[in-house]
Amino acid sequence: MQVLNRTLRAGVAALSLSLLAAPSAFAGGSTVPSKDIVDTAVSAGSFKTLTAALDAAGLVETLKGKGPFTVFAPTDEAFAKLPEGTLKSLLKPESKQKLTAILTYHVVAGNVKAADVIKLSSAKTLNGQSVTIKTAGGKVLINGATVVKADIAATNGTIHVIDTVLLPK
């Protein structure tokens with residue numbers, strides 16, 4: 001009986017320690033972010049095109065900055081939807097201004113969470129133009145692009161994953 005008692009106490013102590021050490025075990029699994037927006041996108045693995053475009057436009061350091069920023073991040077599949085040759089053309093040095101305009105059209109100043117986004121009808125982007133925000137059928141649409149994953153936390157803001165590249169007017 002004494003051995004069983006010690007074993008149970010050791011098990012309870014180990015469980016308690018593991019719960020204390022686990023990041024936000026009772027808060028829906030969310031953790032305090034340890035990476036900025038760019039590093040979060042790189043580590044996700046589905047934003048290779050976006051990170052290459054940010055590099056070509058010279059925006060990496062900006063989005064690694066203090067922020068906060070909200071980024072509507074198109075996936076690699078979203079970039080693949082662009083007409084053939086468009087991306088290759090945008091990544092050329094002579095297209096840097098146009099690429100910068102497109103990429104900054106995906107960024108809003110401030111840390112806008114999904115709960116805030118659904119209350120908005122538009123948001124002004126860093127390129128000066130606004131995007132239209134709608135909800136339909138339980139989905140959030142940014143200029144018609146669907147938010148497929150929301151509220152990815154970064155140390156300097158939030159990423160909302162979208163399925164289409166946003167093109168400014």
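Which residues does Leu103 touch, not counting residues up to four places away in sequence?

Some housekeeping. This is a predicted model, where local features need pLDDT of at least 70 and side-chain atom pairs count only at pLDDT 80 or more, while totals for chains, interfaces and linings use all residues. Residues are numbered from 1 along each chain as its sequence is written, and side-chain values use heavy atoms, with hydrogens and water left out.

OK, back to Leu103. Its partners are Leu50, Ala53, Leu54, Ala57 and Leu59, where touching, or contact, means heavy atoms within 4.5 Å. Leu103 also turns up with Leu50 and Leu63 as the residues with the most contacts inside the largest nonpolar core, which has 26 residues. By nonpolar core I mean a set of buried Ala, Val, Leu, Ile, Met, Phe, Trp, Tyr and Cys residues joined through side-chain atoms within 4.5 Å, and buried is under 20% relative accessible area, with a 1.4 Å probe and protein chains only.

Who builds that core? α2, α3, β1, α5, α7, β6 and β7 each supply at least two residues, and α3 gives the largest share, four. Those labels are DSSP runs numbered from the N terminus: helices are H or I with at least four residues, strands are E with at least two. There's another core lying apart from this one, with 14 residues, among them Val112, Val131, Val140 and Val147.

Now the sheet. Picture an open sheet of seven strands in the order β2-β1-β7-β6-β5-β4-β3, with mixed pairing; two strands pair if DSSP finds at least two bridges between them. At the edges sit β2 (107-109) and β3 (122-124), each pairing on one side only.

Last stop, the cavity. Searching the whole structure turns up one cavity of 30 Å³ or more. A cavity here is a set of points, on a 1 Å grid over the protein atoms alone, where a 1.4 Å probe fits but cannot get out; lining residues have an atom within 4 Å of a point. The largest cavity holds about 50 Å³ of space, a volume being the space filled by probe spheres set on the points, which are joined across faces, edges and corners. Its lining includes Leu50, Leu54 and Leu63, and α2 gives the largest share of that lining, three residues.

Terms used
Buried < 20%, exposed > 50% of the residue type's maximum accessible area, 1.4 Å probe, protein only. 1 Å grid on protein atoms, 1.4 Å probe; cavity = no way out; pocket = protein on both sides within 12 Å on 5 of 7 lines; lining within 4 Å.
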